[in-house]
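Hi everyone, thanks for coming. Today I'd like to walk you through one structure, a step at a time. Please have a look at it before I go on.

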Amino acid sequence: PFMQEISEKTELCCLLTHLNTDYCIDIHHEVFKDVTLLSYGRGCPRPVFMGSSPKVIMAHLSKQKIHEYYQKFASQLEQAGFAADEDSFVTKMKKIKKQGYYLSRGELDPNVSGLSVPVKFSSKEAPLALTVLASKNRFEFINTDKLIEILKDNAAQIEKRFQALSENHQLSNLDENSAT
C-alpha cells in the first residue's frame with residue numbers, strides 16, 4: 001500500500017529491490033497508469049554496479065562487503081564511469097550512506113532516472129531499496145528534495161510495519177509454545 005500511494009501521489013513508477021549477492025531483483029513494483037519504464041521488471045536479475053537501487057543498498061553494507069563488491073566488480077564500475085579505483089568507490093559509498101539516498105541518471109537505461117532510499121529491516125542484513133523511476137526529462141521538473149522526503153517517510157513507515165509484524169509473529173510463537 002505504501003508503494004501504491006507513492007506511485008499515485010508522484011505519478012512515478014515505484015520499486016522495491018533486493019540485493020541477491022551478484023545481482024539485484026525487484027521484488028515488487030507499482031506503475032502509474034501502465035507507464036512502463038522498467039528495463040528488467042519484477043523478478044529479473046540486473047547488475048549490481050548500475051542504477052540507484054543497488055548503490056543505495058551497497059552503501060549500507062559493512063566495510064568488508066563494500067570492499068568485496070569493489071573487488072568483484074571493479075572493471076564494470078570503471079566502465080560505467082562510477083569508480084576508477086577502490087578509494088573513490090568507498091568514498092562514494094560513504095557519501096551515499098550519509099546523504100541517505102542516491103539519484104541515478106541514465107545508468108541502466110539512457111532515458112530513465114531513478115531515486116532510491118534504503119529500507120532497513122535488520123542491522124545484520126542488507127537493506128532493500130525503495131525507488132522511484134521516471135524519464136530523465138521528467139526528473140528535470142521534479143522537486144527532488146520533496147521526493148526524497150516522501151521516500152524516506154515511506155521507508156520509515158515500512159520499517160515500522162515490518163517491526164510490528166515481526167513482534168506480533170514472535171508473540172504468537174511464544175503463545176503457541178506456552179500453550180503446548
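Searching the whole structure turns up six aromatic pairs. Rings of Phe, Tyr and Trp (its six-membered ring) pair if their centres lie within 6.5 Å; planes under 30 degrees apart count as stacked, over 60 as edge-to-face and the rest as tilted.

A word on the source: this is a predicted model, where local features need pLDDT of at least 70, side-chain atom pairs count only at pLDDT 80 or more, and totals for chains, interfaces and linings use all residues. Residues are numbered from 1 along each chain as its sequence is written, and side-chain values use heavy atoms, with hydrogens and water left out.

So, how are the rings of Phe 49 and Phe 73 arranged? Their centres are 5.8 Å apart and their planes are at 40°, so this pair is tilted. Phe 49 lies in the loop between strand E2 (23–30) and helix H2 (52–58), while Phe 73 is in helix H3 (residues 63–79), so the pair ties together parts that are 24 residues apart in sequence. Helices (H or I, at least four residues) and strands (E, at least two) are DSSP runs, numbered from the N terminus.

Are Phe 49 and Phe 73 buried or exposed? Both are buried, meaning under 20% relative accessible area, with exposed over 50% and partly exposed in between (1.4 Å probe, protein chains only). Phe 73 also pairs with Tyr 69, and that pair is stacked, with 6.1 Å centre to centre and 15° between the planes. Tyr 69 and Phe 73 are four residues apart in helix H3, so about one helical turn separates them. Tyr 69 counts as buried because its relative accessibility is 9%.

Next, a cluster: Tyr 70, Phe 82, Phe 89 and Tyr 102 form one aromatic cluster. Lys 55 lies over the face of Phe 82, at 4.0 Å from the ring centre, and the charged end of Lys 92 sits over the ring of Phe 82 too, 4.7 Å from its centre. Here "over" requires NZ of Lys or CZ of Arg within 6 Å of the ring centre and within 35 degrees of the ring normal.

Let's finish with helix H1 (residues 2–10). Phe 2, Met 3, Ile 6, Ser 7 and Thr 10 are buried there. Seen down the axis of H1, these buried residues fall within an arc of 135°, so they line one face of the helix; the arc is that of the directions from the helix axis to the C-beta atoms. Just after H1, Glu 11 has a positive phi of about 60°.
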